[in-house]
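Please keep the sequence and the structure in view while following it.

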Amino acid sequence: MPRRPLPPELRLPHPQRLPPRSPGYERILAAHEAALDRGDDGYLDPRTGRSVLTAAFLWDRDRCCDTGCRHCPYLPRPED
């Protein structure tokens with residue numbers, strides 16, 4: 001089944017889940033973007049080697065599962 005399109009503003013992780021000053025932030029974003037481009041459900045965190053689900057995969061769930069996912073698209077976003 002094809003995925004629902006992920007809104008562009010949800011491609012970046014919520015700053016409460018991955019603050020921009022986190023070590024390896026740019027590498028993490030690059031790994032997430034590459035996984036999104038490939039259509040993968042997840043990627044390996046470049047710092048820890050652990051599996052992380054993409055925002056697109058989580059978006060398809062239609063709800064937050066309340067487990068603290070890094071790329072959860074259902075968290076309220078700070079106002080710009």
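Predicted model: local features only at pLDDT ≥ 70, side-chain atom pairs only at ≥ 80, totals over all residues.

The buried residues of H1 are Tyr 25, Ile 28, Leu 29, Ala 31, His 32, Ala 35 and Leu 36. Viewed down the axis of H1, these buried residues fall within an arc of 160°, and they therefore line one face of the helix. The packing partners of the buried residues of H1 are strand S1, residues 42–44, and helix H2. On the face turned away from this buried side, H1 carries the exposed residues Glu 26, Asp 37 and Arg 38. Gly 39 follows H1 and has a positive phi, near 80°.

**Nonpolar cores**

The largest nonpolar core has 8 residues in all, made up of Leu 18, Tyr 25, Ile 28, Leu 29, Ala 31, Ala 35, Tyr 43 and Val 52. H1 gives the most to this core, contributing 5 residues. Leu 18, a member of the largest core, touches Pro 13, Tyr 25, Ile 28 and Arg 70 when residues up to four places away in sequence are not counted.

**Rings around Trp 59**

The count of aromatic pairs comes to 1. This pair is formed by Trp 59 and Tyr 74, with 5.5 Å centre to centre and 15° between the planes, and it is stacked. Because Trp 59 lies in helix H2 (residues 55–59) and Tyr 74 in the segment after H2, the pair ties together parts that are 15 residues apart in sequence. Trp 59 is buried, with a relative accessible area of 16%, whereas Tyr 74 is partly exposed, with a relative accessible area of 26%. The ring of Trp 59 also has the charged end of Arg 4 sitting over it, 4.3 Å from the ring centre.

**Segments outside the helices**

Pro 15 belongs to the segment before helix H1 (25–38). Pro 15 and Leu 44 are 29 residues apart in sequence, and their C-alpha atoms are 20 Å apart in space. In the segment after H2, Asp 62 has a positive phi near 70° although it is a residue other than glycine, and Asp 66, which is found in the segment after H2, likewise has a positive phi, near 60°, in a residue other than glycine.

The table below lists relative accessible areas for residues of these segments.

| Residue | Relative accessible area | Class |
|---|---|---|
| Pro 15 | 35% | partly exposed |
| Asp 62 | 52% | exposed |
| Asp 66 | 68% | exposed |

Asp 62 counts as exposed because its relative accessibility is 52% and the class begins over 50%.

Conventions: Residues numbered from 1 in each chain as written. Heavy atoms only, no water. Phe/Tyr/Trp six-rings, centres within 6.5 Å; stacked < 30°, edge-to-face > 60°. Helix = DSSP H or I, 4+ residues; strand = E, 2+ residues; numbered from the N terminus. Buried < 20%, exposed > 50% of the residue type's maximum accessible area, 1.4 Å probe, protein only. Lys NZ or Arg CZ within 6 Å of the ring centre and 35° of its normal. Core = buried A, V, L, I, M, F, W, Y, C linked by side-chain atoms within 4.5 Å. Contact = heavy atoms within 4.5 Å. Arc of directions from axis to C-beta.
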